[in-house]
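Please keep the sequence and the model in view while reading.

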Amino acid sequence: MSHYDVFNGDADGLCALQQLRLAEPIESILVTGVKRDIALLERVEAVEGDQVTALDISFDKNRGAVERLLGQGARIRYFDHHFAGEIPAHPALDVHIETLPDKGTSLLVDDYLDGSQRAWAVVGTFGDNFDTSARRAAEPLGLTEGELGLLRDLGIYLNYNGYGETVDDLLFAPDVLFRSLQPYADPLTFIVEDPTFAALRDGYADDMARARAVAPAYASERHRLFILPAEPWARRASGVFANELAGQAPEQAHAMLTRLPGGGFLVSVRAPLARPDGADVLCRGFPSGGGRKAAAGINLLPEAEYDTFLDRFRAAFA
């Protein structure tokens, strides 16, 4: 029997899997990719008796692969917080999906494990830009403000590492990054002992300095839209820069359009933190769009559709 761990390459996916494997240590086949690479179950060829755990990837985007794997006799356990659509009833499908605007997959796994790996749930929740939820989850841990700040930094850096068009854009491939995290039950120990943390911190600081120098291409009382160049640093920084801006201006919606080498844009959208709703609906209106209520994206927005996107962005958060 084989076990497949299929997870989003961002902070939430990494920390959800870290919790599970600390609580349930097994050898598994890792299937992952950049943050936008969510149709991951298509890569899995599980057969009868195999177990598949899916973490932080949209059920709706993987529906066909789920049906295929169930038909081949595999068992699937599914944790996610993105739009799911209709979920079929099947005895081999164990689903833990909620779409609340302030609860990510790390907290769903935390519920499943009764809080036994809470510190890593806090890291993943900070990484998904749910600061209030992360602080609330951390209360029983008795952390100092400095320790809590380090967990927040780690979540941000793990999330930053997941952004890119391909794995070559990233500082660390997500499966390699998970193997670095895996030995550490305490994320604070990882921060102190593993050189990966310093590499992520330094890369983040350099990329974000470049992003912060970019002026908005469109701004209003309720909106800000930025266009970043077709450079690896911009693809890495796009999502966390959008999160940072959202935190600075909670009444505004933000859109980050990063030019792609082959033309068009990679899009990240953040609904106003004061009203974290509507990002998923906006982005699903475009063929390669998806996400959750507070934060969503479009994998490829053709340049010819820029004006259409801008009109819909303004209307969605008017």
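How many residues lie between β6 and β7 in the hairpin they form? The count is three. The model is a predicted one, and what follows describes that prediction.

**Strand β7 and its partners**

β6 covers residues 218-219, and its pairing with β7 is antiparallel, with two bridges. Within this pairing, Ala219 has Arg224 of β7 as its bridge partner. β7 also pairs with β8, which spans residues 253-259; here the sense is parallel and there are six bridges. In that pairing Leu228 is found opposite Thr258 of β8. Between β7 and β8 the chain passes through helix α10 (residues 232-248), giving a β-α-β crossover that is right-handed.

Is β7 largely enclosed or largely open? β7 runs over residues 223-228, and five of these six residues are buried, so the strand is largely enclosed by the rest of the structure.

**Aromatic pairs**

The model contains 13 aromatic pairs. Two of them are set out below.

| Pair | Geometry | Centre to centre | Angle between planes |
|---|---|---|---|
| Tyr157 and Phe197 | tilted | 5.5 Å | 50 degrees |
| Phe313 and Phe317 | edge-to-face | 5.8 Å | 70 degrees |

What does the pair of Tyr157 and Phe197 tie together? Tyr157 belongs to helix α6 (residues 145-161) and Phe197 to helix α9 (residues 195-212), so this pair links parts of the chain 40 residues apart in sequence. The cut-off for a buried residue is under 20% relative accessible area. Tyr157 has a relative accessibility of 9% and therefore counts as buried. Phe197, at 6% relative accessibility, counts as buried too. Tyr157 and Phe197 also belong to one aromatic cluster, together with Tyr160 and Tyr204.

In the other pair of the table, Phe313 and Phe317 are both buried.

**Charges over rings**

Two arginines have the charged end over a phenylalanine ring. For Arg284 the ring is that of Phe83, with the charged end 4.1 Å from the ring centre. For Arg312 the ring is that of Phe286, and the distance to the ring centre is 4.7 Å.

How values were computed. Residues numbered from 1 in each chain as written. Predicted model: local features only at pLDDT ≥ 70, side-chain atom pairs only at ≥ 80, totals over all residues. Heavy atoms only, no water. Buried < 20%, exposed > 50% of the residue type's maximum accessible area, 1.4 Å probe, protein only. Helix = DSSP H or I, 4+ residues; strand = E, 2+ residues; numbered from the N terminus. Pairing = 2+ DSSP bridges. Right-handed = clockwise from strand over helix to strand, strands pointing away. Phe/Tyr/Trp six-rings, centres within 6.5 Å; stacked < 30°, edge-to-face > 60°. Lys NZ or Arg CZ within 6 Å of the ring centre and 35° of its normal.
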